[in-house]
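Below is a short report on a ligand site and the strands around it. The sequence and model come first.

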Amino acid sequence: MTAASPEFVVAPSLLAAEFAVPAARAVNGVADWLHVDIMDGRFVPNRTIGLDEVRALRAATTVPFDTHLMIVDPEDWAVRYAEAGCAHVTFHAEATDDPAGLAKDIRAAGASPGLAIDRDTPVEPYLELLPHIDLLLIMTIKAGAGGQEFLPAMLEKVRVARRHRDAGHLSLRLEVDGGIAEDTIEQAVLAGADTFVAGTAVFGAVDPAEAVRRLRALVGQAVRS
Ligand code: DX5
Ligand code: ZN
């Protein structure tokens with residue numbers, strides 16, 4: 001499924017939307033993926049929708065789901081999200097002892113596996129895992145809530161991962177999540193990211209579809225600069 005995605009992906013995060021179904025429809029045809037955050041009140045203090053709601057939402061839109069599991073024991077849940085039709089299922093490095101095994105299970109269930117690295121986690125220990133996953137999500141905030149300020153220092157992890165990707169694992173997607181907006185997306189592009197989650201910047205805008213178009217245009221400009 002990753003292969004069918006465009007080179008640069010903008011993924012609006014439904015966390016920032018008041019109502020998920022109308023929000024999903026508002027960006028249908030414009031968003032490449034929809035970023036769906038799942039929080040369990042344990043890995044992070046907040047709680048969000050879960051598997052049942054994701055199943056219902058899956059039926060309401062054709063946009064691929066980029067599912068970001070901020071949960072403990074992702075082994076108990078990740079495959080179920082894949083089976084529910086989520087194209088991309090990303091779990092946190094901090095939440096599992098066997099990321100390669102979990103990635104394999106997600107792939108066997110028909111989804112693309114992703115690994116997320118939270119703010120306080122270095123990327124280096126996970127570089128050897130890159131061949132097992134399709135997507136590396138670098139948090140550019142502390143995972144757990146939308147609307148936080150972008151942390152530019154996190155882009156060093158993107159640069160490190162990008163060098164490894166360019167050295168061999170060319171199909172790996174590099175996703176940034178947190179504080180991505182019109183004034184921060186260019187730095188993320190220049191650091192080497194190709195997949196951009198944006199919550200507040202899209203669903204806090206008067207016209208979410210236009211906000212996605214503007215972010216995409218800024219990605220294009222940064223690539224050409
Ligand atoms: C927070 C989530 C993000 C969140 C980003 O932990 O992973 O996806 O929705 O929101 P913004 O774009 O508002 O920072
Ligand atoms: Zn997220």
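## Ser13

Ser13 is buried, with a relative accessible area of 5%. Buried means under 20% relative accessible area, exposed over 50%, partly exposed in between (1.4 Å probe, protein chains only). Ser13 sits in the loop between strand E1 (9–12) and helix H1 (20–26). Helices (H or I, at least four residues) and strands (E, at least two) are DSSP runs, numbered from the N terminus.

The side chains of Ser13 and Asp37 make a polar contact of 2.7 Å. Such a contact is a pair of N or O atoms within 3.5 Å; within protein, one must be able to donate a hydrogen and the other to accept it, and residues adjacent in sequence count only if both atoms are side-chain atoms.

## Basis of the model

This is a predicted model: local features need pLDDT of at least 70, side-chain atom pairs count only at pLDDT 80 or more, and totals for chains, interfaces and linings use all residues. Residues are numbered from 1 along each chain as written, chains are lettered from A and ligands numbered from 1 in written order, and side-chain values use heavy atoms, without hydrogens and water.

## Ligand 1

Ser13 is also among the closest of the 20 residues that surround ligand 1, with Asp177, Gly179, Gly199 and Thr200. A residue counts as near if one of its heavy atoms lies within 4 Å. By class, this shell has 8 nonpolar, 10 polar and 2 charged residues. Ala, Val, Leu, Ile, Met, Phe, Trp, Tyr, Cys and Pro count as nonpolar, Asp, Glu, Lys and Arg as charged, and the others, Gly among them, as polar.

A backbone N or O atom of Gly144 lies 2.8 Å from one. For a polar backbone atom of Gly147 the distance is 2.9 Å. For a side-chain N or O atom of His35 it is 3.3 Å. The protein covers 99% of the 380 Å² of accessible area that ligand 1 has on its own (Shrake-Rupley method, 1.4 Å probe). Strands E2 (34–39), E3 (65–70) and E8 (195–198) each give two or more residues to the shell.

## Strand E3

In E3, 6 of 6 residues are buried. Phe65, Thr67 and Leu69 lie on one side, and Asp66, His68 and Met70 on the other.

E2 and E3 run parallel, joined by 6 bridges. Strands pair if DSSP finds at least two bridges between them. Ile38 stands opposite Leu69 in E3. E3 also pairs with strand E4 (residues 88–92) in the parallel sense, over 4 bridges. Here His68 stands opposite Thr90.
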